[in-house]
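Biologist: Walk me through this chain, please. I want each label set against its cut-off.

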Amino acid sequence: ATTAEYTYTFAGWTPDLMPVTADATYTATYNETKRSYQIRFLNYDGTELQSSQVEYGAMPEYTGKTPTRPSTAQYNYNFDAWSPEVVSVTTDADYTANFTSVIRQYTVTFLDWDGTELSKQLLDYATPATAPADPTREGYTFKGWDKDFSSVQSDLTVTALYEQNAVEPPIPDEAITVRLDPKSCASWSTVYLYAWDANKQQLT
């Protein structure tokens with residue numbers, strides 16, 4: 001009968017068969033062949049990386065390239081071990097690559113309007129960045145940032161936004177006399193004149 005380790009093939013009789021001259025006993029003899037089993041190494045997604053026939057009792061060995069798993073936005077993956085643990089061959093077996101996950105980090109850079117770097121931060125995936133102190137710009141009011149950084153999921157450059165302040169008309173220090181030539185303004189429909197009092201308040 002076949003065992004897990006061997007198959008047996010009939011080889012003949014012992015002793016050799018002879019013409020009968022008396023009672024005799026003959027015993028069957030067999031050749032034994034060590035059995036081999038299919039051992040497969042699979043990637044995390046079931047892709048076959050290596051398949052071979054390995055003799056009973058031998059230790060399987062993976063000889064291919066180190067298994068890899070594509071990164072996601074959130075994680076990088078490093079090969080860790082085979083599952084289940086590789087053991088001496090006693091039957092067909094599949095071993096699947098296991099990976100450890102490492103959370104990815106991203107860089108967030110805050111820039112002023114002119115490209116000046118205000119802050120740079122290295123953050124874990126999906127964590128918020130911390131805005132630097134509100135920057136200033138002469139003649140402008142800071143209005144915020146041009147991108148959302150409440151849950152960072154990629155490298156990000158965030159730039160300060162400004163709104164230009166209203167420009168007040170200049171107030172003359174001395175009175176100005178305005179003379180209009182009737183000929184040159186004959187075609188005008190409206191003429192606006194502005195004046196200021198001694199306290200530099202605009203008159204209406």
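Modeller: Start with Ser-51, which lies in strand 4, residues 48–55. Strands are DSSP runs of E with at least two residues, helices are runs of H or I with at least four, and both are numbered from the N terminus. This is a predicted model: local features need pLDDT of at least 70, side-chain atom pairs count only at pLDDT 80 or more, and totals for chains, interfaces and linings use all residues. Residues are numbered from 1 along each chain as its sequence is written, and side-chain values use heavy atoms, with hydrogens and water left out.

Biologist: Why is Ser-51 called partly exposed?

Modeller: Its relative accessibility is 33%. Buried means under 20% relative accessible area, exposed means over 50%, and partly exposed is in between (1.4 Å probe, protein chains only). The 33% of Ser-51 falls in between, so Ser-51 counts as partly exposed.

Biologist: What does Ser-51 touch, not counting residues up to four places away in sequence?

Modeller: Gln-38, Ile-39 and Arg-40. Contact means heavy atoms within 4.5 Å.

Biologist: What makes the pair of Ser-51 and Gln-38 a polar contact?

Modeller: Their side chains are joined at 3.2 Å. A polar contact is a pair of N or O atoms within 3.5 Å; within protein, one must be able to donate a hydrogen and the other to accept it, and residues adjacent in sequence count only if both atoms are side-chain atoms.

Biologist: Is Gln-50 buried or exposed?

Modeller: Gln-50 is also placed in strand 4. Its relative accessible area is 14%, under the 20% limit, so Gln-50 is buried. A polar atom of its side chain lies 3.0 Å from the backbone oxygen of Glu-61. Leaving aside neighbours within four places in sequence, Gln-50 is in contact with residues including Phe-41, Tyr-62 and Gly-64.

Biologist: How do you know that strand 3 and strand 4 pair?

Modeller: Two strands pair if DSSP finds at least two bridges between them. Strand 3 and strand 4 have seven, in the antiparallel sense, so they pass. Ile-39 has Ser-52 of strand 4 as its bridge partner. The hairpin of these strands has five residues between them, and there Gly-46 takes a positive phi near 90 degrees.

Biologist: What makes Arg-40 and Asp-94 a salt bridge?

Modeller: Their side chains meet at 2.8 Å, N to O. A salt bridge is a side-chain nitrogen of Lys or Arg within 4 Å of a carboxyl oxygen of Asp or Glu. Arg-40 and Asp-94 are within that limit, so the name applies. The pair links distant parts of the chain: Arg-40 sits in strand 3 (residues 36–42) and Asp-94 in strand 6 (residues 93–103), 54 residues apart. Arg-40 is partly exposed at 24%. Asp-94 is partly exposed at 36%. A network of salt bridges links Arg-40, Glu-48 and Asp-94.

Biologist: How many salt bridges does the structure hold?

Modeller: Five. One of them joins the side chains of Glu-5 and Lys-34 at 3.7 Å, N to O. Glu-5 is in the segment before strand 1 and Lys-34 is in strand 2, so the pair ties together parts 29 residues apart in sequence. The side chains of Glu-117 and Lys-120 meet in another, at 3.8 Å. Glu-117 counts as partly exposed at 47%, whereas Lys-120 counts as exposed at 52%.

Biologist: Which residues form the nonpolar patch on the surface?

Modeller: Tyr-8, Phe-10, Trp-13, Leu-17 and Tyr-30, with about 550 Å² of accessible area together. Patches take residues with over 30% relative accessible area and no salt bridge; like charges are joined within 9 Å, nonpolar side chains (Val, Leu, Ile, Met, Phe, Trp, Tyr) within 5 Å. Areas come from the Shrake-Rupley method with a 1.4 Å probe; for residues, only the protein chains shown count as cover. Strand 1 (residues 6–14) gives the largest share, three residues. Leu-17 lies in the loop between strand 1 and strand 2.

Biologist: How many helices and strands does the chain have?

Modeller: Zero helices and 12 strands. Of its 204 residues, 21% count as buried.
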